[in-house]
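Notebook open, structure on screen. I want to go through sheets, helices and the pocket in turn.

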Amino acid sequence: MADTLDLFADPIDLTAALVDVRSVSGEEAEIADLVERSLRLHAPHLEITRSGNAVLARTNLGKERRVVLAGHLDTVPVNENFPSRREGGVLHGCGTVDMKGGDAVMLAIAALSENARHDLTFVFYDCEEIEAERNGLTRIQRELEQWLHGDLAIVCEPSNGVVEAGCQGTMRIEVTTTGKRAHTARAWMGENAIHGMGEALRRLAAYEPRQPEIDGCRYHEGLQAVKITGGVAGNVVPDGCVLTVNHRFAPDRTVEQAEQHLREVFEGFDVQVTDFAAGALPGLGAPAAQELVEAAGGTPVAKLGWTDVARFAALGMPAVNFGPGDPTLAHTREENVPVQQITGCSAVLKRFLLD
Ligand SMILES: [Zn+2]
């Protein structure tokens with residue numbers, strides 16, 4: 001492996017070079033060292049710091065606005081898809097979509113950022129693909145929070161080269177019914193908790209999710225039963241049943257409002273919230289976000305899944321996903337990216353940040 005990456009190379013080649021450095025979550029030291037060395041060599045104008053296996057770099061040009069670009073360096077475990085392989089206009093391999101194409105575009109911008117239009121911060125972080133507590137951004141927020149602040153955050157996760165704004169929140173609840181055990185031969189002496197759940201399931205089946213439009217982006221909420229447990233034995237009237245429900249809610253609702261809504265839907269039932277994550281408003285009204293949307297052409301769309309944009313939104317900044325590749329290929333063995341999407345994303349960000 002080369003000692004440094006050529007950050008002035010075509011971002012397609014840069015993507016392949018990054019893919020060829022194995023960096024499964026928790027094993028990012030080699031790629032983080034490589035990224036740091038390459039930035040120090042090719043972009044000496046940047047202020048650079050390390051946080052574990054994350055590399056942070058920023059300009060200090062005194063501009064009115066700061067744009068933060070973030071990309072994780074780790075991948076899911078390789079699955080007979082390492083190293084990279086190029087076939088015609090398509091680059092295959094672990095991390096091509098999620099998200100070394102985005103990292104490559106960020107590195108190319110970083111190398112050229114000496115005279116950027118906005119101040120720029122680049123966050124290359126570790127352990128995104130595993131539990132949130134180990135996520136590099138969690139640590140960075142704890143130790144170096146001021147590095148994450150700006151007027152717009154762009155998380156360069158795959159979005160098919162379209163600006164995906166904000167993201168939906170998620171909440172899991174447990175709905176519990178209780179009854180009274182009895183021998184099934186004398187069922188009238190008991191009370192069946194599983195039967196008692198019938199009404200909750202009917203409400204779910206009849207539920208009509210909202211599709212609110214925010215800043216021109218249409219969100220699509222969801223309310224789904226994801227698990228049900230109950231039962232004691234084959235001849236006992238069950239005295240307990242627990243239904244787990246996952247709610248995906250548009251970012252015009254806070255976590256508290258989402259919880260209130262679920263308590264209304266399941267009124268009369270015992271409801272317990274087990275976990276949640278707030279959504280992120282698209283914030284496309286902000287000037288820096290408008291400039292990005294203009295540079296990207298096309299119409300921004302709503303991000304439906306939860307991503308790290310929500311962490312930036314929680315810091316009070318508009319945050320979008322924008323990166324090469326089809327997100328539905330992420331984490332698959334067939335992971336691949338059409339190389340012209342890498343070129344396209346790179347051109348948009350150059351237009352927005354450098355020209
Ligand atoms: Zn990712």
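Two strands pair if DSSP finds at least two bridges between them. Helices (H or I, at least four residues) and strands (E, at least two) are DSSP runs, numbered from the N terminus.

Ground rules: I am working on a predicted model, where local features need pLDDT of at least 70 and side-chain atom pairs count only at pLDDT 80 or more, while totals for chains, interfaces and linings use all residues. Residues are numbered from 1 along each chain as its sequence is written, and side-chain values use heavy atoms, with hydrogens and water left out.

I looked up an open sheet of three strands, ordered S4-S5-S19 with antiparallel pairing. Its edge strands, S4 (85–87) and S19 (336–338), each pair on one side only. Neighbouring strands here are turned by 20° against each other on average, direction ignored. S5 (residues 90–92) is joined to S19 by three bridges, antiparallel. Which residue stands opposite leucine 91 in S19? I found valine 337 there. Helix H3 (residues 96–111) packs on this sheet and touches S5 and S19, its direction making about 50° with that of S19. For me, contact means heavy atoms within 4.5 Å; axes are lines fitted to C-alpha atoms (for helices, over the stretch in contact), and angles run from 0 to 180 degrees between N-to-C directions.

**Eight-stranded sheet.** This one is open too, with mixed pairing and the order S1-S2-S6-S3-S7-S18-S8-S17. I have S1 (47–51) and S17 (301–302) as its edge strands. S3 (residues 66–72) and S6 (residues 119–125) pair in the parallel sense over seven bridges, and histidine 72 stands opposite tyrosine 125 in S6. Helix H2 (residues 29–42) lies across S1, S2 (54–58) and S6, at about 170° to S1. Helix H4 (residues 136–143) lies across S1, S2 and S6 as well, at about 130° to S6.

**Helix pair.** I checked H1 (residues 11–19) against H10 (residues 339–353): they pack at an angle of about 115°, axes 9 Å apart. Pro11, Ile12 and Thr15 of H1 meet Val339, Ile342, Thr343 and Ser346 of H10.

**Pocket.** A pocket is an open set of points on a 1 Å grid over the protein atoms alone, where a 1.4 Å probe fits, with protein on both sides within 12 Å along at least five of seven lines; lining residues have an atom within 4 Å of a point. I noted 18 residues lining the largest pocket, with Glu128, Glu129, Glu157, Trp306 and Thr307 nearest its centre.
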